[in-house]
Amino acid sequence: MTGPVTNAIGEVLIDETTISRRVAELGAQITAEYHGEPLVALAVLKGSFVFAADLLRVIDTPLAVEFIGLRSYIGGRTSTSGVVEITNDVKYPLGGHHVLVVEDIVDTGLTLDYLVKNLATRNPLSIKIAALLHKPSRTIKPIQIDYLGFEIPDEFVIGYGLDYDGRYRNLPHIAVLKPNDAQLGLFPSR
Ligand code: IMP
């Protein structure tokens, strides 16, 4: 974490009630799809930890939970370069299991493009993606998001697990980063 602690929280984009209703809908869809199948939910650290905690508790079928740490290298002021490093790998063999990747936000799609290709080499039965947020206008690599919470405009957002410069993950809602802070162009840590 760097820089002075200033209040960078802008307008609320998605409030707690709206998030929780949508997460419940996604949970019901996922339950119906995987019922009784061998399932591993793979949460991408750090940003998805809040979404994953809420989503997994409304999925009503036995599953294993794994975590993967990824670091995306900065390519421009606020975008990833597509060069991704696995900082903390899955300890569980994925062969013979369906994998549900749980991600906070799909921005350019470069990170998930890398991850899905990497996971495919481990021979899972299937790979699907649950993402809370998607910024379609920023797409570089189109990603098929099987369970999507919300499409959002091209704004830098914080809260509900998402950070700016390591902070604001603990906000209960999704807020827009104040324009002054967004202009600093610092890409968040994972
Ligand atoms: P992508 O590779 O460009 O799709 O970026 C994926 C990662 O960038 C996400 O998992 C987030 O960690 C981060 N990210 C992208 N947009 C935002 C945002 O608006 N707020 C916080 N993090 C973001």
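Histidine 98 sits in strand β5 (strands being DSSP E runs of at least two residues, helices H or I runs of at least four, both numbered from the N terminus). This is a predicted model, so local features need pLDDT of at least 70 and side-chain atom pairs count only at pLDDT 80 or more, while totals for chains, interfaces and linings use all residues. Residues are numbered from 1 along each chain as its sequence is written, and side-chain values use heavy atoms, with hydrogens and water left out.

- Histidine 98 is buried, at 14% relative accessible area (buried means under 20%, exposed over 50%, partly exposed in between, with a 1.4 Å probe and protein chains only).
- Setting aside residues up to four places away in sequence, Histidine 98 touches Tyr34, Glu37, Pro38, Leu39, Val40, Leu125 and Ser126 (contact means heavy atoms within 4.5 Å).

**Pairing with β2**
- β5 (residues 98–106) and β2 run parallel, joined by 5 bridges (strands pair if DSSP finds at least two bridges between them).
- Alanine 43 has valine 102 of β5 as its bridge partner.
- Strand β2 (residues 39–45) has 6 of its 7 residues buried, so the rest of the structure largely encloses it.

**The nonpolar cores**
- The largest nonpolar core has 28 residues, and Ile30, Phe51, Leu55, Leu100, Leu133, Tyr160 and Ile174 touch the most other members (a core is a set of buried Ala, Val, Leu, Ile, Met, Phe, Trp, Tyr and Cys residues joined through side-chain atoms within 4.5 Å).
- At least two residues of this core come from each of α1 (16–34), β2, α2 (49–57), β5, β6 (126–134) and β7 (147–151).
- Another core, of 20 residues, lies apart from it and includes Ile68, Leu94, Ala131 and Leu148.
- Beyond its neighbours within four places in sequence, leucine 100 has contacts that include Ile30, Leu39, Ile59, Ile129 and Tyr147.

**How α1 meets α2**
- The axes of α1 and α2 come within 8 Å and cross at roughly 55 degrees (axes are lines fitted to C-alpha atoms, for helices over the stretch in contact, with angles from 0 to 180 degrees between N-to-C directions).
- That makes α1 oblique to α2 (under 35 degrees is roughly parallel, over 145 roughly antiparallel, 65 to 115 roughly perpendicular and the rest oblique).
- Val23, Leu26, Gly27 and Ile30 of α1 make the contact with Phe51, Asp54 and Leu55 of α2.
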